[in-house]
Amino acid sequence: MFAQVLHVLVSLHAVVALDNGVGLYPPMGYNTWNDLGCRDMTEANVKMAADALVNTGLLKAGFEFVNLDDCWQADTRNSTTGRLEGHPERFPSGIKALADYLHENGFKFGIYTDRGTKTCAGYPGSFGHEDIDAQTFADWGVDYVKEDNCHSSTGANDLDTLFAEFGKFRDALNKTGRPIFFSVCGGGDQWPLNDIRYYATDSRGGAKLANSWRITPDVIGRLTLQDASLTNAGLADYAGPGGFNDPDMLLSSSNTSVRQLPVEWSRTQFSVWAVLMAPLLIGGPPEKLDPFDIETYTNAEVIAVNQDPLMKQGTIVEKSGIVFLPQSHVIWARNLSGGSVAMVFVNDGWATRDVTCGEKCWSALPFKKGTRLTVRDLWAHAPAEAPIAIAGTPYSVFVAGFWSIGDSRMFKLTPVSRGSERDVRDSSSVEHVISDLVI
Ligand code: GAL
């Protein structure tokens, strides 16, 4: 019944916008690209990754999508039906069988295609085959489609063609009647640090086009990570339920990951991606992640920030210095349901130091001057060392950092209401604290 109602709603709106009823929260899952690439892209490896998501508790923590990226396809379309097929050696049981396996194990299933004649890795693209490909995906039970931007006849950045072609696939997906998360990716065929913010800002882009849209080229290390987060900070207003800015996948710190970050930065990425309301797609090998990465990705308090029902993307509330240089820092904040705020204090500089939320920072937060706030450390799962902040009064946080690595801390600030301060003070001090509450 729900599906039928959804279908009717979708058909009514199909022409004007993407309104497929999915993606109300940022998707969480695993994507094969940074891990398996093309070389290791096989049915057996995808199943192994999925089984590991179950065994490590990642599925339970919310990582429900298993998304095939490029290189799942056969070299050519089926010559009789014209449909895409799985690569016969890599996926000998076929894509539908894999989709069924994943669904049976509690996952949602994602797949990849391209708006051009070929995918970025050279497999058949969806250009001119939008309807049949969307239908094939729907028939297989696909829940998520990533559409890439390679091999278009007019190049990667001809906006009229780009939005028209991505729009064709959006409409084709809508026509199938199956709710499918639609993710457009214009990043991989760009030079690192290229400006592709138009995916969010153009009147034909953003939530009109897709459920998520890449806002920078691929995140492959610290510089591109920095670029994606700073770019995303300026795009907060374009995101909302059903449509998210996509700053690309999570880079793990395990030395088994093809793309690896220092532990400080891998965890910082997770914290900042939570504030940015970004899709959380693990790019490391689930079966070989070390305990630190598992701990990072299963932090329920940070995930709750990412998935917060207020659905407001966060941004930068204070920034000083130039990133990578000594003394630079960035403070991020996101308003949460219930009047709390999540904050990430990033030390981008060379040395261990205090990072302070000062006048500018407080003025960007939604608290009346003088409001008392409990401060909870979301990585320590405990009150912060300074467990009370007073809105408007400088609040300093010690953030480690050595050489150019830097580090970050993440907190949740909640206005004190009667009784709530008991969480952070021992009982002997509660009375005193409550007596000078600002209500
Ligand atoms: C890039 C894209 C990557 C991955 C790759 C596959 O364009 O940004 O995320 O999908 O193509 O070939």
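Histidine 329 belongs to strand β10, residues 329-335; strands (E, at least two residues) and helices (H or I, at least four) are DSSP runs numbered from the N terminus. The model is predicted, so local features need pLDDT of at least 70 and side-chain atom pairs pLDDT 80 or more, while totals for chains, interfaces and linings use all residues. Residues are numbered from 1 along each chain as its sequence is written, and side-chain values use heavy atoms, without hydrogens and water.

**Histidine 329**
- Histidine 329 counts as buried because its relative accessibility is 7% (buried is under 20%, exposed over 50%, partly exposed in between; 1.4 Å probe, protein chains only).
- Beyond four places in sequence, the contacts of histidine 329 include Glu318, Lys319, Val346, Asp348 and Arg353 (contact: heavy atoms within 4.5 Å).

**Ligand**
- Around the ligand are 13 residues, of which Asp69, Asp70, Lys146, Asp148 and Asp218 come nearest (a heavy atom within 4 Å makes a residue near).
- The shell consists of 6 nonpolar, 1 polar and 6 charged residues (nonpolar: Ala, Val, Leu, Ile, Met, Phe, Trp, Tyr, Cys and Pro; charged: Asp, Glu, Lys and Arg; polar: the others, Gly among them).
- A side-chain N or O atom of lysine 146 is 2.8 Å from a ligand oxygen atom.
- For aspartate 218, a polar side-chain atom lies 2.6 Å from an oxygen atom of the ligand.
- On its own the ligand has 310 Å² of accessible area, and the protein covers 96% of that (Shrake-Rupley method, 1.4 Å probe).

**Alanine 364**
- Alanine 364 sits in the loop between α13 (359-363) and β13 (372-377).
- With 45% relative accessibility, alanine 364 counts as partly exposed.
- The C-alpha atoms of alanine 364 and alanine 333 are 8.8 Å apart, with the two residues 31 apart along the chain.

Notes
A polar contact is a pair of N or O atoms within 3.5 Å; within protein, one must be able to donate a hydrogen and the other to accept it, and residues adjacent in sequence count only if both atoms are side-chain atoms.
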